[in-house]
Amino acid sequence: MSDLISIRDLEIFCRVGVPDEERGQSQRLLITVEMQKDVSGAVQSDDLTKTIDYFAVSQRLLQFGEGREWKLIETLASEIADCVRVEFGATGATVEVKKFVIPEASWVSVCVTR
């Protein structure tokens, strides 16, 4: 069995973009993370340690870009998915990264599943 824990449109700031000047300063991104995990043990025991602490995940993601930069949001999304699997015990993760760089579009986004 696999259940789903979601964080939707978490606002983070990262240095991301192909041109050097775009990576020159942090820009606003919205991150959606869906984490798969069997939470039946948490349901039975009402114990946070048997599930994924979504507050801890959100705090980790708010700091994810500190001192780092990426050219592609694809790479950023993949690294976030790996992070929630390794650090928080998700059995699977889907991450969408929204970026606001095309004035004529609401956003551009990439979604990866690991």
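This is a short tour of one predicted model, stop by stop. Local features need pLDDT of at least 70 and side-chain atom pairs count only at pLDDT 80 or more, while totals for chains, interfaces and linings use all residues. Residues are numbered from 1 along each chain as its sequence is written, and side-chain values use heavy atoms, with hydrogens and water left out.

**Stop one: the helix pair**

Select residues 54–62, helix 2, and residues 73–88, helix 3 (helices are DSSP runs of H or I, at least four residues; strands are runs of E, at least two; both are numbered from the N terminus). Their axes, lines fitted to C-alpha atoms over the stretch in contact, lie 11 Å apart at an angle of about 135°. The two helices are therefore oblique to each other (angles under 35 degrees count as roughly parallel, over 145 as roughly antiparallel, 65 to 115 as roughly perpendicular, the rest as oblique). Now show the side chains: Ala56, Val57, Arg60 and Leu61 of helix 2 meet Ile80, Cys83, Val84, Glu87 and Phe88 of helix 3 (contact means heavy atoms within 4.5 Å).

**Stop two: Met35**

Next, pick Met35, which touches Val57 and Val84, among others including Ile5, Ile7 and Ile52.

**Stop three: the loop**

Finally, go to Glu22, in the loop between strand 1 (3–16) and strand 2 (27–37). Look around Glu22 for its contacts, among them Lys99 and Val101. The C-alpha atom of Leu72, 50 residues away along the chain, is 11 Å from that of Glu22.

Methods:
Axes are lines fitted to C-alpha atoms, for helices over the stretch in contact, and angles run from 0 to 180 degrees between N-to-C directions. Lists of a residue's contacts leave out its neighbours within four places in sequence.
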